[in-house]
Amino acid sequence: MATDARPNTLFRNLNAKLAALPMILCTMLIFVGCSLWTIIYSFTSSKALPVEKFVGFAQYERLFNTSRWVQSVENIMIYGIVALIFSFVVGFILAAFLDQKIRFENTFRTIFLYPFALSFIVTGVVWQWILDPSLGLQETMRNLGWENFTFDLISGKDTVIYALLMAGLWQGTGFVMVLMLAGLRGIDDDIWKAVRIEGIPKWKTYIVVVIPMMRGVLITTLVIVSAGIVKLYDLVVALTNGGPGLSSEVPAKYVYDFMFSRANIGQGLAASTVMLATVFIILIPWIYLEYGNKGKK
Amino acid sequence: MMNEPYGPRPGKILNPTRIMVYGVLIVAAIYYLLPLYIMITTSMKGLPEIRMGNIFALPVEVTFAPWAKAWDSACTGLYCEGLKTGFWNSVIITIPSVIVSIAIASVNGYALSNWKFKGSEVFFTILIFGSFIPFQVMLYPLVIVTRELGIFGSLWGIIFIHTIFGMPILTLLFRNYFASLPEELFKAARVDGAGFWGIFFKIMVPMSVPIFVVAVILQITGIWNDFLFGVVFAGTENFPMTVQLNNIVNSKQGVTEYNVNMAATILTGAVPLIVYFLSGKYFVRGIAAGAVKG
């Protein structure tokens, strides 16, 4: 930006540097510093208080030998895969339908997105009531005449994860839809004119032409949604609190419980370091998209 | 983004494809609205009516007693004060957090877009990466940091935390917006001898009202909906509304009062919902800002 006299630059930018000081401190001390602290102390035998007694990978060994952690990882993987597939497919279909120059587009969009304005706690509590086996949806359907209607996701060990999914997807699919819609709107109208002249059917155009063109939006959405899934915590606390048994435990809850309720900080730190590593893996496609292309251009 | 001009296609009549499109959209809309409907109707029923077991039924006798109880006297396990303390705590947490985080992030964004200095892009890149780090990773070190600063378990503690975690997205928002403003304005002001702060307050801020609105909406909903930071950093007497709602609903003692729970849920969701319905376009802009980069 500074195009004029050079010697002034340092002095003039001092203001900018001072103004950016909170950001610099935040990145270096909090994001970098605190993460490093966590990684380093995950190799210690810290219990109720952090101590500098290094024990190598002992915390990690213990972590992956703890059934609750293994279960948590399994749960978040099932949740993550189903949530990604469902929210992308449904989000894309809704966005593509909304993009057909339909009436009341704004109304539909407002309806699909409002759950995203609600907190996970509110979402969890509402779905806890809807899925309540004794008085909720199941009982309602039975009373309406389907006497064998079974929809008891919450109390089954194998099904409770789908209760989390129902609630989580209700809350988050609108977000994916909005990003997809933004991507669809970014596609040149000439493309649509061209394929119409060629006589290619619409659904085929979406798959062959539009989706590849939306690569950027798709990857960014994938990264944002996946990084959000890794952190899943509030929803579980509000909807199932990890139960029944350990069947809806998730990694973020493991971290919190071991750090603050079980006074086993080392375990919490090791678990959160694993979460950090997962997010880094998730970020790879995004880094490639952001910085890989710049090199080529 | 999504406000390009487009008109209705000329001479379009309903054909099977369009009926299908509308059909799917309407079914989806019903699915999305159903929980809201159930929340509202349940909160206005008495317990005997709820026990009849039809969550879809409209209330026969409309009662607002559950609302009064949720607000004033619902029990959280220890106290029976309802949600009102949580509501005011959330207000007291949200207002300063929104102001402080936006004040800092807007200046950050301004410095990053108009006054780039050596290394500024590096810090910005780290900041954006930082936004992806799971909070759990920084949770314990931040407990130590806030404790050392003497603000752990206090209002200042939670404001500090919200300022930090709002910084990546808000800085991105402001940086991209300021970068999109015509450069000539900035240059002309420089020629006129305006300095860093002069240009910011006299030119940038007045021209950036829309992005400030977006930032305010983003922060109000985000901070109001926060649970984890509230539990850890706010301290028991400052617990925000989400924490109290969870305590009311999930403190298993006595009879579960579904109607009170639902009234409490609506009350907790009301602020972000109202903000959302009043500001749909800006809300969409805010959440899309993280994904659609400039």
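**The contact between the chains**

Reply: Chain A contains 14 helices and zero strands (both are DSSP runs numbered from the N terminus, helices being H or I with at least four residues and strands E with at least two). The model is a predicted one, in which local features need pLDDT of at least 70 and side-chain atom pairs count only at pLDDT 80 or more, while totals for chains, interfaces and linings use all residues. Residues are numbered from 1 along each chain as its sequence is written, and chains are lettered from A and ligands numbered from 1 in the order in which they are written.

Along the principal axes, the C-alpha atoms of chain A fill a box of roughly 70 × 65 × 30 Å. Chain B likewise has 14 helices and zero strands, and its C-alpha trace spans about 75 × 70 × 30 Å along its principal axes.

Where the chains meet, 77 residues of chain A and 79 residues of chain B take part in the contact (two residues are in contact if their C-beta atoms, placed from the backbone, lie within 7 Å). On the chain A side, the largest share, 12 residues, comes from helix α2 (residues 21-41) of chain A. Sorted by class, that side of chain A has 55 nonpolar, 16 polar and six charged residues (Ala, Val, Leu, Ile, Met, Phe, Trp, Tyr, Cys and Pro count as nonpolar, Asp, Glu, Lys and Arg as charged, and the others, Gly among them, as polar).

One helix pair shows how the chains pack: helix α6 (residues 120-130) of chain A lies against α1(B) at an angle of about 80 degrees, with the axes 10 Å apart (axes are lines fitted to C-alpha atoms, for helices over the stretch in contact, and angles run from 0 to 180 degrees between N-to-C directions). That makes α6(A) roughly perpendicular to α1(B) (65 to 115 degrees; under 35 is roughly parallel, over 145 roughly antiparallel and the rest oblique). From α6(A) come A:Val126, A:Trp129 and A:Ile130, which meet B:Pro35, B:Ile38, B:Met39 and B:Thr42 of α1(B). By class, this contact of α6(A) with α1(B) has six nonpolar, one polar and no charged residues.

The domain assignment of chain B (bounds come from an automatic or database assignment) gives domain 1 (10-63) and domain 2 (84-291), whose C-alpha centres lie 33 Å apart. Eight residues of domain 1 of chain B are in contact with seven residues of domain 2 of chain B. On the domain 1 side, the elements that give two or more residues are α1 (16-43) and α2 (47-51) of chain B, and the largest share, four residues, comes from α1(B). By class, the domain 1 side has four nonpolar, three polar and one charged residues.
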